[in-house]
Amino acid sequence: MVRKQECQITINKTLLPIKIFYFSFYSAIGFLLPFIPLYMKNLGLSAQESGIITGSMLLFGIVAERIVSFLADRFQKHKLLLLLFTFLSGVVYMCLLLVPSKNLPYKTVIKTNVHCNTQDSYIRDCISSEVNTSKKLHRPLHNSVVSCPVTFYDYALFAKTNNLTELNCEASCLFAVPGAYTSRVCFTTDVRPFGARSCFDIWVSSSKETYLHFTISNTTVTLKNEIHLERIPLPHLICKDYNLKNLIHHGKPYWQMLCNEETVLNCKFQCTRQDKNGCEQHNELYGATFGIFLAIQITCALLFLPSVSLIDSIASSQLSEPSPSLGHQRIWGTLGFGLCALTSAGLMELLKEYHNKPVDYHHSFYLFLTFTTISALIGSKLDIPDTLKSSQNSQKLRITLRNCEILHFLFIIICLGIFDGSISTFLLWYLKDLNSSPLVFGFSLLFNALCEIIILLVSNRIIKLIGHIPSLLLSLAAYCIRFLGYSFISKGWLVLLFEPFHGLSYGLMLVSLSGYSNILLTTNGLTFIKGLYFGLGRGFGSILTGVLFTIVGGLWTWRIYSIAAFLMILIVIPLQWFFSRQTQRMEVPEQANKFENLEDGTANESTIERLLTEEHQSPETKIKGGKLTWTRDEL
């Protein structure tokens, strides 16, 4: 008779508060922090300014993390600091809602011709028939990849399609045909032709660089009022004419502009609007908005990032040997992050459609404050040992930094941090430039979280199979594919095709980073490595990407990073092969020296005990041929 075996699922009640805290704490992060760059963009901050703010926040936060960890160990006040910093983080982040917007108009630069005579004036905008056939003219002006200037036909088509209002265009004009002659231009409120009444006359000369300046007060009407005039057809050009009325000159309104003779002017229009549908933005860098936002963000970092370190230390202190690793507890946080990021983005889309207004981020701040408060309440139920240590001694680390293999490893970690910082800060910024829906933001973040969880669950098997450095190479390859894919997408939702690679580029990298740093640098070096990655790497990556976005645009920024990731792979492979050969050559002499000391009687008691421990280690935990096979999840 065969007995049925019952499978029972047990929950470790001791770790339940840790799991709930991770879920609520990272849920708060998902509600707000991924959208902070978009909020900065909404306030009128440039990519360069946003990169500096984010990078500075990360750098200051890492320093604060070490200081707070030291103070918590010194006075054994881990729970008090965790609860205080978690709650205050939500309060201080709310202060970002008080930062004033730049309110600077975004400008679309248009170059076209203005024809003026004794009867009327009009804009004549001509384009090549070849350009029109190839449809290169019909470009979305909200896409930052498009460069100014555009044609007036482009702008008129965009205005009609999107039902734009409150447009305002300033013109600066010169004679189209060079020569030593003058033309008399008249701004008038009369509807009669030139010469039939008195008007405000000005003289524009082609012999000097005399610019004619005026403003179209209601450009929306002009854009919609295409007129059809008799003209000689040209086979290679397609021309559109727009009636020019409702003008402002020197601050005074006029009905029209007339000339004493047929005159053609080359004009440069700068059309402005309060939303961000322009292709060029005129910003004053590092103004009051930038300074206030930077100060608040640094204050937030001084409170928030130490909270992450404190909860990790508290969770580690409650994990016994048979218990799941810290990485398994963080999975609950990753799940909460992804779900709440999608929820926050869904609320943005819902409120946008309901109120028929631009995306509003206020609810994200309110939810962040709510969940940080909930996290603080949950944290009050955590049991903390009396002798908890969250800071690490780095004395041994200074000695090991002389090793070239370790410097090689640190270089890889910094580069991976730069790549991660570029995506975490500017991917949603780029999707916003592609006019993506907030739902695309949410689903991309959810995909990231789910793929990260899957890779975390199988990361140990991957590392056992190929080793730590090959796993980091796999992460570099994933970054290379992601960056290249970003540079070719034309619609925001296509980013979802490349987000599954986040599991390899981030999840697998974290486990490999933790395991390999514990081997090369000992446990004391893990805190230093995380500081390099999350502080120096991600911080510098945010600053660098902001500068690149400003100079070359998002498309070429991703391509530059893709090339950099590929070159990194080509550099790391031969260097790792060299270090592996060196390790193989040193293994046999080192083992011989160990046992020579035993035979000579020169080994002390601690040496003998260490050697006996190594002899009874499982073969799966040793380094063999420069490759580490690792059985524990050290995340």
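This is a predicted model: local features need pLDDT of at least 70, side-chain atom pairs count only at pLDDT 80 or more; totals for chains, interfaces and linings use all residues.
Figure 1. Helix H1 is largely enclosed by the rest of the structure, because 13 of its 17 residues are buried. The helix covers residues 16–32. At 1.5 Å a residue, helix H1 should span 24 Å. Its end C-alpha atoms lie 25 Å apart, which agrees. An α-helix has 3.6 residues a turn, so residues three or four places apart point the same way.

**Figure 2. The protein as a whole.** The chain has 635 residues, and 51% of them count as buried. Its secondary structure comprises 17 helices and 15 strands. The protein exposes about 31100 Å². Carbon and sulfur atoms supply 61% of that area. Take the contacts with a separation of 6 or more: residues 24 or more positions apart account for 82% of them.

**Figure 3. The disulfide of Cys-116 and Cys-259.** The count of disulfides in the protein comes to two. One joins Cys-116 to Cys-259, with an S to S distance of 2.0 Å. The angle about the S-S bond is 110°, and the link is right-handed. Cys-116 lies in strand E1 (residues 106–116) and Cys-259 in strand E11 (residues 256–259), so the pair ties together parts that are 143 residues apart in sequence. Are these two cysteines, Cys-116 and Cys-259, buried or exposed? Both Cys-116 and Cys-259 are buried.

**Figure 4. The disulfide of Cys-173 and Cys-267.** Here the sulfur atoms of Cys-173 and Cys-267 are 1.9 Å apart and form a disulfide. The torsion about the S-S bond is about 110°, so the disulfide of Cys-173 and Cys-267 is right-handed. Cys-173 belongs to strand E3 (residues 168–175) and Cys-267 to strand E12 (residues 263–273), so this pair ties together parts that are 94 residues apart in sequence. Cys-173 is buried, and Cys-267 is buried too.

**Figure 5. Cys-95, in no disulfide.** For Cys-95, the nearest cysteine sulfur is that of Cys-300, 7.4 Å away. Cys-95 has a relative accessible area of 32%, so it counts as partly exposed. Another cysteine, Cys-480, has a relative accessible area of 14% and is therefore buried.

**Figure 6. Ser-121 and its contacts.** Ser-121 sits in strand E2, which runs over residues 121–128. Its relative accessible area is 0%, so Ser-121 is buried.

**Figure 7. Gln-76 and Asn-246, each with a positive phi.** Gln-76 lies in the loop between helix H3 (47–75) and helix H4 (78–94). Its phi is near 50°, a positive value in a residue other than glycine. Gln-76 has a relative accessible area of 28%, so it is partly exposed. Asn-246 lies in the loop between strand E8 (237–243) and strand E9 (247–249). Phi of Asn-246 is near 60°, again positive in a residue other than glycine. The relative accessible area of Asn-246 is 27%, so Asn-246 is partly exposed.

Notes
Residues are numbered from 1 along each chain as its sequence is written. Side-chain values use heavy atoms; hydrogens and water are left out. Helices (H or I, at least four residues) and strands (E, at least two) are DSSP runs, numbered from the N terminus. Buried means under 20% relative accessible area, exposed over 50%, partly exposed in between (1.4 Å probe, protein chains only). Contact means heavy atoms within 4.5 Å. Accessible areas come from the Shrake-Rupley method with a 1.4 Å probe; for residues, only the protein chains shown count as cover. The expected span of a helix is 1.5 Å times one less than its number of residues. A disulfide is a pair of cysteine sulfur atoms within 2.5 Å.
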